[in-house]
Amino acid sequence: MNIARLNRNLTSRILTKSRSLATTAVTAPQQEDDEYSATPQYPPILDLSVEKKLERKRATKSDEIRNAKTVEEKQLKINMPRYYGFKSFMFFEEHIPYNSLSLAQHVTRTHLIKTKDLPEYYQNIDVEDLEIISKDVQETLLMEIDGIQRQHHLKNADFTDVQKENYLGSSIVKSINRALNNVLVHKYPHIVNNEMDLDPRIESSWVVGGMDPDESIKKMRGGHEFLKQFKNDPVDKTFSYVGSPSLTIRAELPLPYVLSPSEADNPSLDVPFFEYDPRVLGMGVEYRHAANIPGFWPGDSHTFGLTSYLQTGHLLERVKHFPDVNDTKEASHHQAILSSYAWLHSQANHLGFTTFNDITYPMVTQTVLTNGKDFQFYIYQLNTILLHSKNTTENPKRNICWASDEYKLYEGIQEGKLIGFNEEVLKNLVKLYSNAPSERLGVNLRPYLSQEEKLAADYEDEDKRRWLEKEYKFLTSNRPRLKELDEVYAWEKIYKVDHKTRLMDKKRRFFELFEKPWTRTLDARLPEYIPRALRPDLPRHKGRRAKEYWP
Amino acid sequence: MSTRWYPIYQKTGPQLRVFLPNFWMKLIRTTEKQPKNIVQFSCSMQMTQFDIKNYLEKIYNVKTVDIRTRIALGKTRKDPGNGYVIKEDDAKYAYVTLPKGEEFQFPDLYPDENKDKEDYEKSLEQTKQGYKDYLEKNKGRPGMPGWFTI
């Protein structure tokens, strides 16, 4: 029997192959001149060691992310490897483990400078008419505190001390902010253009290298003939931060930097190295998508943060567990460093930089830790966000945080008057407000975003716009997947994995099929189904699934 | 007070009343690499974090800052004769954080034993190397007895 009659596809495949062979044979003499050159051209000689191979792989990954056109596509691209999210070490703003400052500094590559006052840069800012401002602020403070104490729900027993403190603090912050804006707006016109957010959601994810692998990884590597030699090599870890300042102020332009970029390379700015697994301090691990939310969505014109006010109510509860005064101070530093870094990092992500593509210019933010009475000022300059793999040790740039002492704005209230009002604190606050954002001359603020399309909203194709928006919002929503990550049940671990006692059972579970559900990629799913009534007039089997636009 | 079961005392019977505490803590070497101010204990299952704190502070006068516990699943193994699966008991582990600046190093309990072990390993290594050299020397002459050449 003829083979062609057995399988039609087969014959067509054979025919096309032979046809292509025939064409090359005919055209070969003509191409001969083009194919050969006078000097031989060899492909580049590559170092084939495992280390170099990995480095090249990382470089391609970062290039791919950099080449993604828009902010949303870059974020999708980062998340492509994991359908169920990355295994992330979680930093929650209000949960600060004991003795964890070195960890916070290590994962953000921050050099901490403890000063009495604001850094030198702020000493050049003049503050005039402090008396008028002081009068206004004192009046507002008295009004606010009096007003809050009259409020019925604060006397409610359901309100914990922490909630009361946070409520009082954020109300005072809001009123001080309003008073200062009103007074200073005449003198500093940039204040008019500022945007303000109340209780914004700040989330950020980044990758840090250089930490020791845990026992399970060591065990896995040790059992593999080839991986044995890399048993103790450091691993990359994903960290996520979740927090919510009480108030943030942002502008269209960045703040001028405090230290020049070249000074940030100074090796004398030491950063502690935290070599242990972060779980030794009691940190938790969750499966989470890498979400970067600076309190606003892509497309907002005010993408540069100026000042954020953080709440300190949680310290009341923390002091009960850890009464160490020095540790409480360090906890404040921990909170300020992580919050400042996470906010700036997520802003950088909205400018087209990612944890794999470093920022090209420094960014600065001002952070105030306050409960309405005690004030602590932090200035944070972000010089690098490249911390993965070897960069933890080899990246010469460091981020810098200046931490001031703790000051009391006032001592107390007696007979409707503020006692011991500290004008120095007010002066510092005014300096933060008067520090005007300015244009960076000759610096492209969004070098890694495409010229035509900077956001998904810039695409002309409406279907693509909708699809990108939907996928991006899902990643940032932190909603669980409809089908949860598979697990090995305890009985399966005993009777199927550890001891093969059920040989007659059908092998249907993932661990029997050699599948790893946690390595499922973001696009490993069927595209959305389009009902027949909504499809164009095509044959029945065509156009069932919607088009997808993975970056 | 112990909750252990003892045989009821009969006249002329042996005195079996040895009261052992239910609460015990055993200092163990950390499995994962830990900061120097964290100490790992294996403790009795009933002990809570408060019990552990009080135990260390009241009996041994050790100040603690933070205590975290976990219950580890006991290992399973097959009965060698009958083939059914046996599970060992679960165990509770406590990770005790000492105040900042304090350090704890797990003591070297059997220094002599370690030395003996090292000597043994050294001699074993030497023997192995000697055999390797012998094989290398006689590579080209398979099957030749060892006494044939010097």
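Five bridges tie strand β6 of chain A to strand β9 (residues 304-311) of chain A, and the two run antiparallel. Helices (H or I, at least four residues) and strands (E, at least two) are simply DSSP runs, numbered from the N terminus, and two strands pair if DSSP finds at least two bridges between them. All of this comes from a predicted model, where local features need pLDDT of at least 70, side-chain atom pairs count only at pLDDT 80 or more, and totals for chains, interfaces and linings use all residues. Residues are numbered from 1 along each chain as its sequence is written, while chains are lettered from A and ligands numbered from 1 in the order in which they are written.

Five of the five residues of β6(A) (residues 247-251) are buried, so the strand is largely enclosed by the rest of the structure. Buried means that 20 or more other C-beta atoms, placed from the backbone, lie within 10 Å of the residue's own. Leu247(A), Ile249(A) and Ala251(A) point one way from the strand, Thr248(A) and Arg250(A) point the other way, and all are buried.

Chain A also has an open sheet of five strands, ordered β7-β1-β5-β4-β8, with mixed pairing. Strands β7 (285-288) and β8 (293-294) of chain A are at the edges with a single partner strand each, so one side of each has no neighbour in the sheet. Strand β1 (residues 86-92) of chain A pairs antiparallel with β7(A) over four bridges, and Phe86(A) is opposite Arg288(A) there. Packed on this sheet is helix α11 (residues 325-350) of chain A, which touches β1, β4 (202-211), β5 (235-243) and β8 of chain A, its direction making about 100° with that of β4(A). Touching means contact, with C-beta atoms placed from the backbone lying within 7 Å; axes are lines fitted to C-alpha atoms, for helices over the stretch in contact, and angles run from 0 to 180 degrees between N-to-C directions.

As for the interface, 15 residues from chain B and 16 residues from chain A make up the contact. On the chain B side, β3 (66-72) and β4 (76-78) of chain B each bring at least two residues.

Chain B itself splits into domain 1 (25-97) and domain 2 (108-150), with bounds from an automatic or database domain assignment. The C-alpha centres of these two domains of chain B are 41 Å apart.

Note on methods
A residue is buried if 20 or more other C-beta atoms lie within 10 Å of its own, exposed if 12 or fewer, and partly exposed in between; C-beta atoms are placed from the backbone. Two residues are in contact if their C-beta atoms, placed from the backbone, lie within 7 Å.
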